[in-house]
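Please look over the sequence and the structure before reading on.

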Amino acid sequence: MKIAVYPGSFDPFTNGHLDILDRSLKMFDQIIVAVLINPTKTCLFPSSKRIEMINMVAEGYKNVKVAQFDGLMVDFCKKVGACSVIRGLRAVSDYEYELQLVNINKQLAPEIETVFLMSSVHCAFLSSSIVKEVARCGGKIDQMVPAVVASELEKHFNTTWKIKGKE
Ligand code: ADP
């Protein structure tokens with residue numbers, strides 16, 4: 001069975017992430033979406049909420065598992081028996097960081113391959129950061145993220161806005 005890990009912060013999971021997940025399922029028997037627990041990174045949603053949302057998005061897929069990990073990605077891959085890591089590439093701006101990551105991982109675990117998928121045209125502008133910014137400003141995000149994520153973002157920013165409004 002060919003297992004791949006799709007790691008990321010997924011703060012939150014967007015239609016860009018979903019596009020990569022859908023396409024990687026055509027190449028592997030199982031994809032493990034692995035939410036990175038990084039204490040040095042400030043996230044909008046706690047990892048438990050991010051995992052809950054991805055689980056809801058992936059409900060209809062039988063070959064997708066959702067997990068969390070900290071430490072080295074290659075160690076997590078070995079633990080779950082994955083042969084590959086999936087990463088998405090949007091613009092040239094993604095390239096340098098991804099190149100660094102792929103080379104470090106290759107050095108740490110030469111047997112694990114990284115597979116890059118270019119973003120589909122309709123997702124090329126999408127990032128978790130831009131989605132959060134649009135949501136924070138009250139813009140429409142329903143074309144950018146799965147419905148469950150849109151509703152969590154709306155809930156979060158409505159609450160924030162109401163609290164601020166009282167100040
Ligand atoms: P990270 O903090 O590891 O970059 P992200 O959640 O931002 O985590 O992204 C996880 C992976 O998904 C990365 O490989 C990133 O390049 C990819 N990705 C994010 N958004 C898109 C998109 N719109 N199209 C294709 N790939 C994407």
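## A nonpolar surface patch

Which residues form a nonpolar patch on the surface? In this predicted model, the patch is made up of Leu72, Ile104 and Leu108, which together have about 250 Å² of accessible area. Leu72 sits in the loop between β3 (64-69) and α3 (73-80), and it counts as partly exposed because its relative accessibility is 42%.

## Overall architecture

The protein contains 6 helices and 5 strands, and these follow one another from the N terminus in the order β-α-β-α-β-α-β-α-β-α-α. The C-alpha trace spans about 55 × 35 × 30 Å along its principal axes.

Of the 167 residues, 44% are buried. Among contacts with a separation of 6 or more, 76% are between residues 24 or more positions apart. The protein exposes about 9600 Å², of which carbon and sulfur atoms supply 56%.

## Salt bridges

The structure holds 10 salt bridges, one of which joins the side chains of Lys132 and Asp11 at 2.9 Å, N to O. Lys132 belongs to helix α5 (residues 128-136) whereas Asp11 lies in the loop between β1 (3-8) and α1 (15-24), so this pair ties together parts that are 121 residues apart in sequence. Both Lys132 and Asp11 are buried.

Another salt bridge links Arg23 with Asp19, whose closest N and O atoms are 3.0 Å apart; these residues are 4 positions apart in helix α1, and therefore about one helical turn separates them. Arg23 is partly exposed at 24% relative accessibility, while Asp19 is buried, with a relative accessible area of 11%.

Lys140 and Asp142 also form a salt bridge, with 3.0 Å between the closest N and O atoms; here Lys140 is exposed at 64% relative accessibility and Asp142 is partly exposed at 39%.

How many disulfides does a search of the whole structure find? The search finds 0. The sulfur of Cys83 has its closest cysteine sulfur in Cys77, but the distance of 9.0 Å is too far for a bond. Cys137 is likewise in no disulfide, the nearest cysteine sulfur being that of Cys43, 19 Å away. Cys83 is partly exposed, at 30% relative accessibility, and Cys137 is exposed, with a relative accessible area of 58%.

Note on methods: Residues numbered from 1 in each chain as written. Predicted model: local features only at pLDDT ≥ 70, side-chain atom pairs only at ≥ 80, totals over all residues. Heavy atoms only, no water. Patch = residues over 30% accessible without salt bridge, like charges linked within 9 Å, V, L, I, M, F, W, Y side chains within 5 Å. Areas by Shrake-Rupley, 256 points an atom, 1.4 Å probe, with all protein chains shown as cover. Salt bridge = Lys/Arg side-chain N within 4 Å of Asp/Glu carboxyl O. Helix = DSSP H or I, 4+ residues; strand = E, 2+ residues; numbered from the N terminus. Buried < 20%, exposed > 50% of the residue type's maximum accessible area, 1.4 Å probe, protein only. Contact = heavy atoms within 4.5 Å. Disulfide = S-S within 2.5 Å.
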